[in-house]
Amino acid sequence: MSTSRWPILRNALVLVALATGAALAGRSKEAAPPPAPPPAAEAPAAAPAPPPAPALWPTALPLGAQALPEGLANLSAQGCNACHSQAHDGWEHSAHAQAWNDPVYQAAIQRVGGSTLCRSCHLPLANQHPRLAVGYIDQDVSRPDLKPNPAWEPTLMAEGVTCAACHVREGTILGTHESPGAPHPVAVSAELASATMCATCHQMTWPGADKPFYDTFGEWESSAWSKAGVRCQDCHMPPVAGAATASRFAAAASHGFTADLRRALSVGVSLGSPEVQRGVAFTGQLRVQNTGAGHAVPTGTPFRADILEIDLIGADGKPLAPTVTHTLARVVDEKPPYKTLSDSRLMPGAEVVVPLSFLVDQKKPAGTATLQVSLRERVGSSPGELTLLQKIPIPVL
């Protein structure tokens, strides 16, 4: 072989070796097993399912003595105050909190002979009663056979319709939604969020009566509000933003249980003249409509009445003519079973037209008067609180 050809041959052999090595390396790489996948991360342990909710009203009121739920120091609203301060403060000024101490209620219960039918709603838990009825003498509900109650808690009695009345059953705390992280277990109760939960105390029939003694739930149930799915809670426990718990800021149901007649009634006035002419009858009409309450106005106890007062007030603040009044009330017999004698209340969506007529003496001064429409709630002999509904300025000629 010529020495001149050797470099060329050598280079060719090197290229063949390199190519062969690359091919072998490629086949070796393709044959290598894939790397093992990393171990799967362990799924976090599922949170324990909330306990099933006991029935909200399993028996007639008062409910049996309630056991203390785990995580609670006591059944008093005071024990709820630290974490649920906003709900507590709303409740503290509500009619529920005053259900036992309210002087109007105390006077009313004497009127019906101290019946346990009334006491059982104003004190829903057996823990709140110093004595419990074990029966009725001669089957008369106004004559209970009372025995001492060893589970009585005077502090709880003073709280009326307290937190535990709606939120504690069988040693379990009831809520309307899950509460992970709470220092006590919470069972979700659909019943607690329904309108039917209000019926236990706001619907009552006296034995032998022609109509329910309290018919608030029945009035709502037959109304357009019920058919539209508007619950009692939507009006009386609207959501309010704030400290739902000690660690959570959110919208939560108000526990003030507001009942504002200014939101329930629409008042319209039509007048025969834009001015008052002294010595000439000044006439018109007052139209009152129940546009905002899903029950009668007034509702509940028949011992309550709403008195409409229409006055023509002079510039000196004194009346120019006698007051025109109209009463919204259900009138019943003085004694059980409280038969209905008349009913002038405003049912949901109903209205009443009150004729107006004022005659201002010619000796009264001219100027500007005020046609004032107000409403006064009367319970028993109490004059009640005055709620101003409307003022209209009227010239006096």
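Let's start at Val288, which touches Leu265, Ser266, Leu308, Leu346, Ala350, Glu351 and Val352, not counting residues up to four places away in sequence. Touching, or contact, means heavy atoms within 4.5 Å. Keep in mind that this is a predicted model, where local features need pLDDT of at least 70 and side-chain atom pairs count only at pLDDT 80 or more, while totals for chains, interfaces and linings use all residues. Residues are numbered from 1 along each chain as its sequence is written, and side-chain values use heavy atoms, with hydrogens and water left out.

Val288 belongs to the largest nonpolar core, which has 29 residues. A nonpolar core is a set of buried Ala, Val, Leu, Ile, Met, Phe, Trp, Tyr and Cys residues joined through side-chain atoms within 4.5 Å. Buried means under 20% relative accessible area, exposed over 50%, and partly exposed in between (1.4 Å probe, protein chains only). Along with Val288, the members touching the most others are Leu265, Val276, Leu286, Ile310, Leu312 and Phe358. Among the elements giving two or more residues to this core are α11 (261-264), β10 (265-271), β11 (281-290) and β12 (304-313). Apart from this core lies another one, of 22 residues, including Trp57, Leu75, Leu125 and Ala195.

Now step back to the whole protein chain. Its secondary structure comes to 11 helices and 17 strands; helices (H or I, at least four residues) and strands (E, at least two) are DSSP runs, numbered from the N terminus. Of the 397 residues, 35% count as buried. Among contacts between residues at least 6 apart in sequence, 62% join residues at least 24 apart.

Phe257 gives you one example of residues meeting across the sequence. Phe257 sits in the loop between β9 (248-253) and α11, and touches Ser94, His96, His236 and Met237, not counting residues up to four places away in sequence. Ser94 is 163 residues from Phe257 along the chain, yet their C-alpha atoms are separated by 6.3 Å. With a relative accessible area of 22%, Phe257 is partly exposed.

Finally, look at the lining of the second largest pocket. Of its 17 lining residues, Thr116, His129, Arg131, Ala133 and Leu146 are the closest to the centre. (On a 1 Å grid over the protein atoms alone, a pocket is an open set of points where a 1.4 Å probe fits, with protein on both sides within 12 Å along at least five of seven lines; lining residues have an atom within 4 Å of a point.) The largest share of the lining, 4 residues, comes from β1.
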